[in-house]
Amino acid sequence: MAPALETRGLVKDFPVGLREVKLRAVDHLDLSVPAGVIYGLLGPNGSGKSTTIKALLGLVAPSAGECRIFGRPSGEVAARRDVGYLPEAPYFYRHLTGRELVGFYGRMCGLGRRELAERVETVVAQVGMTGAADRAVETYSKGMLQRIGLAQALVHDPRLLILDEPTAGVDPVGSAAMADLIRGLRDAGKTVLLTSHLLGQMEALCDRVAILDRGRLVAEGTVAELAGGTGRQQLEVDRLDEAQMTELRAWLAVRGRGLHGVAAAGRGLDAVFLERVGRVKGEGKEL
Amino acid sequence: MKGAPFSFLRLGLVAQNTLREAVRQRLLHLFLGLALALVLGARSLRDFNFGAPELKFIADCGFGAMTLFGSALTIAATAQLFFSEIENRTALTLLAKPVWRAEFLLGKLVGVALLTALFCALLTGLLAAVLWVREGELMALDPEGFRGGRAVSYAMVALGGWLQWLRLVVLAAFTLLVASFARTQVFAVVCGFGVLVICHLQHLAQEAYTRAGSAVGVALGGLFGGMFPNFQVLSLADSLAAADLPAPGTMVRLTAYGLGWALAAGLLAVLSFRRREI
């Protein structure tokens, strides 16, 4: 089975200035994203993430190398039938309502009228926008734009989703719900390519990640492979007093082990926020 | 999986969306308002008729308003509707779908053509109404002068509106061609007005070069003639009389001339846009 996404020797140069000096945005990138996983693309600003995504979507032409989507060259229009794309900080036709917008993109993807009506209702509900679907897009908040953007990416039921910073501008409640939704998509057999600067979220969400720097692939693998491997473990126990702590240290020393850190286990601000503001899981998975 | 052949449905959807976006633009309201005011006010301006018959003067005012404000509207709307897609990155989302760039660009062109069709239809209708009313008044004042019935050929007015629309479509296609490779909207607008001037005046230049007998001049004139349409071809004889109605074959040829130029410029725009990085 062909990988969901594949780049081989992908190079993208941009001419800069009057003399058109070449600036290399992507440098001989080899990536292979297996189907059915959440794959994170990480890297600092200017590392080539967005250019890679644009090359995968056929929006920029590679200077060298090739990109494939489920085995098809990504420059082919037909290859994009299998792709749903949410751009970073999306901006949509302001004069349309949310429902009209999702319907417009659905029709562009070739959905028939009857199928379209069903799909629009499904995806609008899936992203928690049913209540605001008949409002003009120009009245939407940043978070709502992300949600309706996700709905338009999902409307034609693609096998692959490319989400560029899907939680940018979304509050923690929305981010958590978005993460749940992305996991749900993976569980339904979709492949998700994700970029984000929220490394904690990426770590919790992604099955595999690739780290880019200056257009080059500097690391790739599962989160456990990349972030694990210190040879240490974290144990969470009930609070120990000073005497018990001394006893524990002695017990470990006898066995050739050391205690390298002690910290009070907190619930984390995220958990407190979600609990207090929380309408995440109980109320229709609003983002 | 099947391929994704060129789709007129998708092209139509882009056109429909472009039109919806365009009719909400204040620019359209401004130019439409000015043109309507000029047509409606033509009767009040009849003291400046320079000896032309009154009804002819009103018709000239109407078609003049269509040319002036229609051209400005066409150039500005084409450039703005194209660049708003690029700058707001709505093109990014759209072209990430299984959509051909040709569908996107030609859809934009058809959307602007529909907009200009509405503009021309509205103004032509209004002009015909103004002429009808004034002609009726003149008939009441001077029944002898209109013994043979109405003098204005309203079919001629409609044909004038049709040819005006053809010119605006050609202008939109050339503006889109420039926009397809231009980096800024201002550049596309300036070039659009340049094309308008060349298309209107190139026949004068060709005549002058031919009169001067210079081989270089004639070659230059021929070059411009090959690169740009001659808008003088797309104008009716200086008359409103039914007797001067062009033959159907002539109208077909003129329509083919206008749409042919628009299609050629549109296809060149598609070629240029094919490699543009979004």
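**Figure 1. The hairpin of strands β4 and β5 in chain A.** In this predicted model, β4(A) and β5(A) form a hairpin with 2 residues between them. Within the turn, Phe70(A) has a positive phi of about 45°. Helices and strands are DSSP runs numbered from the N terminus (H or I, at least four residues, for helices; E, at least two, for strands). β4(A) and strand β5 (residues 72-73) of chain A pair in the antiparallel sense over 2 bridges, where pairing requires that DSSP find at least two bridges between the strands. Opposite Arg72(A) in β5(A) stands Ile69(A). Residues are numbered from 1 along each chain as its sequence is written, while chains are lettered from A and ligands numbered from 1 in the order in which they are written. As the model is predicted, local features need pLDDT of at least 70 and side-chain atom pairs count only at pLDDT 80 or more, whereas totals for chains, interfaces and linings use all residues.

**Figure 2. The pairing of strands β1 and β4 in chain A.** Strand β4 (residues 64-69) of chain A also pairs with strand β1 (residues 5-16) of chain A, in the antiparallel sense and over 5 bridges. Glu6(A) has Arg68(A) of β4(A) opposite. Chain A contains 9 helices and 10 strands, and its C-alpha atoms fill a box of roughly 70 × 50 × 40 Å along the principal axes.

**Figure 3. Confidence along chain A.** The average pLDDT (the predictor's confidence in each residue, from 0 to 100) of chain A is 88, and 96% of the residues score at least 70. In chain A, confidence is highest in helix α2 (residues 98-108), at a mean of 96, and lowest in helix α9 (residues 269-277), at 74. Over residues 280-286 of chain A pLDDT stays under 50, and the model has 12 contacts beyond four places in sequence for these residues. Two residues are in contact if their C-beta atoms, placed from the backbone, lie within 7 Å.

**Figure 4. Helix α1 of chain B and its surroundings.** The 15 residues of helix α1 (residues 8-22) of chain B should span 21 Å at 1.5 Å a residue, and the end C-alpha atoms are 20 Å apart, which agrees; the expected span is 1.5 Å times one less than the number of residues. Among the buried residues of α1(B) are Arg10(B), Leu11(B), Val14(B) and Leu19(B). A residue is buried if 20 or more other C-beta atoms, placed from the backbone, lie within 10 Å of its own. The buried residues of α1(B) pack against α2 of chain A, and also against α2 (26-41), α3 (54-87) and α5 (101-141) of chain B.

**Figure 5. The contact between chains A and B.** Chain B contributes 24 residues to the contact and chain A contributes 21 residues. On the side of chain B that touches chain A, α1 and α4 (90-95) of chain B each supply at least two residues.

**Figure 6. Ala173(B) in the largest nonpolar core.** Of the 145 residues in this core, Ala151(A) and Ala173(B) touch the most other members. A nonpolar core is a set of buried Ala, Val, Leu, Ile, Met, Phe, Trp, Tyr and Cys residues joined through C-beta atoms within 7 Å. Helix α6 (residues 154-181) of chain B provides the largest share, 16 residues. Leaving aside residues up to four places away in sequence, Ala173(B) touches Leu109(B), Ala262(B), Ala265(B), Gly266(B) and Ala269(B).

Notes
Buried ≥ 20, exposed ≤ 12 C-beta atoms within 10 Å, placed from the backbone.
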